[in-house]
Amino acid sequence: MDAINEKCKNRILNLTNMFLGPITAALVAKWLMLGHIDITHLLMGQNNLGDLGLEKIAPAIALSKSLICVDLS
């Protein structure tokens, strides 16, 4: 969780281009759904999330009331 706190500044979680995969997407989804992180921007572009990662994180994004910008490209 400390690594996430380092990457989360001004309610922006920037995990761009960090070679992350579906497991990380599932963890971020869990943290979002449990309210462990309160962010407005989720930047996870240029990673290896794949279909499974998107499947894991999509419900958390849909339920989030604070996210205004999502980059999963």
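Which are the buried residues of α2? In this predicted model, where local features need pLDDT of at least 70, side-chain atom pairs count only at pLDDT 80 or more and totals for chains, interfaces and linings use all residues, they are T24, A25, V28, A29, W31 and L32, with buried meaning under 20% relative accessible area, exposed over 50% and partly exposed in between (1.4 Å probe, protein chains only). Residues are numbered from 1 along each chain as its sequence is written, and side-chain values use heavy atoms, with hydrogens and water left out.

## Helix α2

The exposed residues I23 and L34 are carried on the face of α2 turned away from its buried side.

Helix α2 comprises 13 residues, 22-34, which at 1.5 Å a residue should span 18 Å, and this agrees with the 18 Å between its end C-alpha atoms; the expected span is 1.5 Å times one less than the number of residues. Helices (H or I, at least four residues) and strands (E, at least two) are DSSP runs, numbered from the N terminus. After α2 comes G35, whose phi is positive, near 80 degrees.

## The sheet

Four strands form an open sheet in the order β1-β2-β3-β4, with mixed pairing, where two strands pair if DSSP finds at least two bridges between them. Because β1 (8-9) and β4 (69-71) stand at the edges with a single partner strand each, one side of each is left without a neighbour in the sheet. Strands β2 (residues 12-14) and β3 (residues 41-43) run parallel and are joined by three bridges; the partner of I12 in β3 is H41.

## The nonpolar core

The largest nonpolar core has 16 residues, and V28, L32, L42 and M44 are those with the most contacts inside it; such a core is a set of buried Ala, Val, Leu, Ile, Met, Phe, Trp, Tyr and Cys residues joined through side-chain atoms within 4.5 Å. Helices α2 and α3 (50-63) each supply at least two residues of this core, and α2 gives the most, with five residues.

Leaving aside neighbours within four places in sequence, L32 is in contact (heavy atoms within 4.5 Å) with I37, I39, L42, A60 and L67.

## The salt bridge

The structure holds one salt bridge, defined as a side-chain nitrogen of Lys or Arg within 4 Å of a carboxyl oxygen of Asp or Glu. The side chains of R11 and D38 meet in it, at 3.1 Å from N to O. This pair links distant parts of the chain, with R11 in the loop between β1 and β2 and D38, 27 residues apart from it, in the loop between α2 and β3. At 36% relative accessibility, R11 counts as partly exposed.
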